[in-house]
Amino acid sequence: MDNVEVVVAHDERATLRVGDVFLKIDPDHARIDAEVEIMALAPVPTPRILWRKPPVLALAAVPGTALGLLGEPSTASAKAWAAAGAAVRTLHEAPLPPRATKSNDVLAAELDRECEWLVSSGALPAGLVARNREIAVAALRPYPPVFIHGDLQITHVFVEGDALTGIIDWSEGARGDALFDLATLTLGHEERLDDLLTGYGRPVDVGIIRAWWSLRSLSIARWLITHGFDPDSPGCEFDVLRAAVRRG
């Protein structure tokens, strides 16, 4: 069909757009179940579920456009970023969902494993990996759990003008660290952090957000490379890691 657009596709799942309908195709039925449950609990705008027939979940398109793209400057207004921050705070203040995110011990083990791979594979210089690992471990501290999106990439937040219209892709929603959401949304867009935090309206430790930038970039790089994505594209994960070293 001419009006079918492949939004994302890899060996785990795929998302297609057919007109104003998104079809999420995922053979992991538990992951689809979790996404449906989390969307029902989230106190912010989410896509409307049209129908469900495993392994397919059909969702109505969210109006507006994504807040931005990783690797490109965001053209959204400061007010739109602030609106996103206000929505994230609303989510974080909601009652906790049943599922928990990964423990710090699990994340630390993953970080060690991924850092070793980045060096042994030659993907990144050892010094760059080591410095970012030093920064990243600060994120692995005790924190009060909140309701998080868990994968709050900039392309998952939609705005229209200065208003937020919806947040998509809830399969990782869980109890977790509020600063992880804030860091994920501003990964590669450090210049928009102040706008986001203006809307969030609560004091946060920016050092921990920066630690999450390093941790997420180190931990996801191998997955990106092996699934056909390029973390070394301008403005993407490897540039985030280089910026962390320049920052000192």
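The model is predicted. Helix 5 (residues 178-186) comes within 10 Å of helix 6 (residues 193-200), axis to axis, and within 11 Å of helix 2 (residues 78-92). A further packing joins helix 3 (residues 104-120) and helix 7 (residues 206-226), whose axes are 9 Å apart. Two packed helices are described by the angle between their axes and the distance between the axes.

**Helix 5 with helix 6**

- The axes of helix 5 and helix 6 cross at roughly 140 degrees.
- Angles over 145 degrees count as roughly antiparallel, and helix 5 and helix 6 are therefore classed as oblique to each other.
- The crossing of helix 5 and helix 6 is right-handed.
- Helix 5 contributes Ala-178, Leu-182, Leu-185 and Thr-186 to this contact, and helix 6 contributes Leu-193, Leu-196, Leu-197 and Tyr-200.
- Seven of the residues in the contact of helix 5 with helix 6 are nonpolar, one is polar and none is charged.

**Helix 2 with helix 5**

- Helix 2 and helix 5 have axes that cross at roughly 155 degrees.
- These two helices are therefore roughly antiparallel to each other, since the cut-off for that class is over 145 degrees.
- The crossing of helix 2 and helix 5 is right-handed.
- On the helix 2 side the contact is made by Trp-81, Ala-84, Val-88, Leu-91 and His-92, and on the helix 5 side by Ala-178, Asp-181, Leu-182, Leu-185 and Thr-186.
- The contact of helix 2 with helix 5 has seven nonpolar residues, two polar ones and one charged one.
- Ala-178, Leu-182, Leu-185 and Thr-186 of helix 5 take part in the contact with helix 6 and also in the contact with helix 2.

**Helix 3 with helix 7**

- Helix 3 and helix 7 pack at an angle of about 60 degrees, which makes helix 3 oblique to helix 7.
- The crossing of helix 3 and helix 7 is left-handed.
- By class, the contact of helix 3 with helix 7 comprises 10 nonpolar residues, one polar residue and three charged residues.

**Second largest pocket**

- The volume of the second largest pocket is about 180 Å³.
- Its lining consists of 13 residues, and those nearest the centre of the pocket are Pro-144, Ala-178, Leu-179, Tyr-200 and Arg-202.
- Nine residues of this lining are nonpolar, one is polar and three are charged.
- Ala-178 and Tyr-200, both part of the pocket lining, are also among the residues in the contact of helix 5 with helix 6.

**Backbone features in loops**

- Pro-54 and Pro-55 are joined by a cis peptide bond, with omega of about 10 degrees.
- Pro-55 sits in the loop between strand 4 (49-53) and strand 5 (56-60).
- Asp-169 is not a glycine, yet its phi is positive, at about 60 degrees.
- Asp-169 lies in the loop between strand 9 (163-167) and strand 10 (174-176).

Note on methods:
Residues are numbered from 1 along each chain as its sequence is written. This is a predicted model: local features need pLDDT of at least 70, side-chain atom pairs count only at pLDDT 80 or more; totals for chains, interfaces and linings use all residues. Side-chain values use heavy atoms; hydrogens and water are left out. On a 1 Å grid over the protein atoms alone, a cavity is a set of points where a 1.4 Å probe fits but cannot get out, and a pocket is an open set with protein on both sides within 12 Å along at least five of seven lines; lining residues have an atom within 4 Å of a point. Grid points are joined across faces, edges and corners, and a volume is the space filled by probe spheres set on the points. Ala, Val, Leu, Ile, Met, Phe, Trp, Tyr, Cys and Pro count as nonpolar, Asp, Glu, Lys and Arg as charged, and the others, Gly among them, as polar. Axes are lines fitted to C-alpha atoms, for helices over the stretch in contact, and angles run from 0 to 180 degrees between N-to-C directions. Helices (H or I, at least four residues) and strands (E, at least two) are DSSP runs, numbered from the N terminus. Angles under 35 degrees count as roughly parallel, over 145 as roughly antiparallel, 65 to 115 as roughly perpendicular and the rest as oblique. A crossing is left-handed if the near helix is turned anticlockwise from the far one by less than a right angle, and right-handed if clockwise. Contact means heavy atoms within 4.5 Å.
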